[in-house]
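Please examine the structure shown below alongside this report.

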Amino acid sequence: MKNDAPRILAIIITFNGEKWIVNCMNSVLSSAQKLSVLVVDNNSADNTVSIIKRNYPEVILIENRGNIGFGQANNAGFDYALSHQFDFVLLLNQDAAITPSTVDCLLHGYEKNQEYGLISPLHFQGNGTLPDNKFYKYITNGCRSYITDLIAKREIRQIYSSGFINAAIWFLSAECIKKVGGFDPVFFHAGEDVDYYARVLYHGFKAGLCPSAIAFHYRENRKETNSRNRHFYYQYLQAVNWLKNPNYNRKARVLIYHYVINAFRYLFFLDTFSFGKNISILVKIFRSMGVIKKNKRICMNSVTPPFLKVYT
């Protein structure tokens with residue numbers, strides 16, 4: 001990092017986000033640590049873009065002609081950050097917000113622990129009373145040393161390594177992005193952060209949690225679509241991540257065997273819907289296998305950061 005004040009770019013991806021964008025933008029622009037702000041809009045059909053243009057003229061705005069997905073939209077931001085020599089990137093969901101001290105805490109944590117390429121704050125629900133539900137699941141499963149220190153009332157460390165934390169609020173060093181690259185476009189929406197986190201670890205960086213940094217994720221009142229279609233869509237994403245993880249040498253035939261067994265188990269119980277969905281997952285895996293293998297090789301061996309070239 002340079003000796004002068006670090007240059008930090010906040011990247012916010014918007015898509016029909018008029019409900020949250022003012023709260024999100026105001027929080028970023030109220031940061032005690034100076035931030036430049038880049039918004040990449042995925043062709044919102046509501047008033048998101050007009051709100052930004054009207055109220056935040058200082059913000060850099062990229063307007064995509066279509067919805068290119070969360071990962072590729074962030075890649076445009078990564079590309080901008082590297083080409084304009086920013087030292088850090090703050091990824092922030094449109095339905096999230098930070099406190100004035102959040103980035104200061106993250107930056108201070110990095111300065112004392114520069115082996116970390118990716119750091120997350122604590123994610124609270126929008127009302128600030130409880131941890132975000134999914135975030136809580138991630139840290140209890142993958143960051144048990146932090147939970148143990150809390151329960152035992154031991155001194156809380158600056159940063160804790162974690163198995164995975166979702167990308168609602170991530171603080172990334174430019175050095176990490178230069179080596180790891182961007183999000184893999186094989187994921188349109190969901191799953192891309194799991195893949196990216198694994199790649200950060202593969203390339204020798206640590207990733208984890210900075211408990212002194214607080215942020216908010218306003219999704220506790222959101223209606224979740226708990227359909228069976230959604231369930232099997234996430235099953236497919238898990239399969240792709242299982243195959244793509246560069247930290248393990250996983251064989252496709254093992255995964256295929258698993259879904260074949262699953263499919264016929266459902267058929268035995270006359271659950272034709274689930275049988276069909278498992279077969280559908282198998283077909284999608286076969287169709288995507290070439291891209292999955294190619295992108296995994298690129299992620300593991302690329303000299304230049306992959307996936308930063310985007311088409312809007």
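The second largest pocket has a volume of about 240 Å³. A pocket here is an open set of points on a 1 Å grid over the protein atoms alone, where a 1.4 Å probe fits, with protein on both sides within 12 Å along at least five of seven lines; lining residues have an atom within 4 Å of a point. The volume is the space filled by probe spheres set on the points, which are joined across faces, edges and corners. Helix α11 (residues 272-301) gives the most to this lining, with 6 residues. Among the lining residues are Leu243, Tyr248, Arg250, Met289, Lys293 and Met300. By kind, the lining divides into 6 nonpolar, 1 polar and 5 charged residues. In this scheme Ala, Val, Leu, Ile, Met, Phe, Trp, Tyr, Cys and Pro are nonpolar, Asp, Glu, Lys and Arg are charged, and the others, Gly among them, are polar.

The model is predicted, so local features need pLDDT of at least 70 and side-chain atom pairs pLDDT 80 or more, whereas totals for chains, interfaces and linings use all residues. Residues are numbered from 1 along each chain as its sequence is written, and side-chain values use heavy atoms, without hydrogens and water.

Helices (H or I, at least four residues) and strands (E, at least two) are DSSP runs, numbered from the N terminus. How is strand β8 placed, enclosed or open? Because 5 of its 5 residues are buried, β8 is largely enclosed by the rest of the structure. Buried means under 20% relative accessible area, exposed over 50%, and partly exposed in between (1.4 Å probe, protein chains only). In a regular strand the side chains alternate between the two faces of the sheet. From β8, Ile169, Phe171 and Ser173 point one way, and Trp170 and Leu172 the other way.

Two strands pair if DSSP finds at least two bridges between them. β8 pairs with β4 in the antiparallel sense over 5 bridges, and 2 bridges join it to β6, also antiparallel. Leu172 of β8 is the bridge partner of Val89 and stands opposite Leu118.

Helix α4 (residues 102-112) has several buried residues, including Thr102, Cys105, Leu106 and Tyr110. Among the elements covering them are β1, β4, β8 and β9.

The whole structure holds 17 aromatic pairs. Rings of Phe, Tyr and Trp (its six-membered ring) pair if their centres lie within 6.5 Å; planes under 30 degrees apart are stacked, over 60 edge-to-face and the rest tilted. Two pairs are set out here.

| Pair | Centre distance | Plane angle | Kind |
|---|---|---|---|
| Tyr80 and Phe86 | 6.4 Å | 35 degrees | tilted |
| Phe88 and Tyr110 | 4.9 Å | 80 degrees | edge-to-face |

Because Phe88 lies in strand β4 and Tyr110 in helix α4, their pair ties together parts that are 22 residues apart in sequence. Phe88 and Tyr110 are both buried. Tyr80 is partly exposed at 21% relative accessible area, whereas Phe86 is buried at 6%.

Contact means heavy atoms within 4.5 Å, and the contacts below leave out residues up to four places away in sequence. Ala213, in strand β9 (residues 206-217), is buried at 0% and touches Thr102, Cys105, Leu106, Pro121 and Leu122. Ile12, in strand β1 (residues 8-14), is likewise buried at 0%; its contacts include Ile21, Val39 and Leu92.
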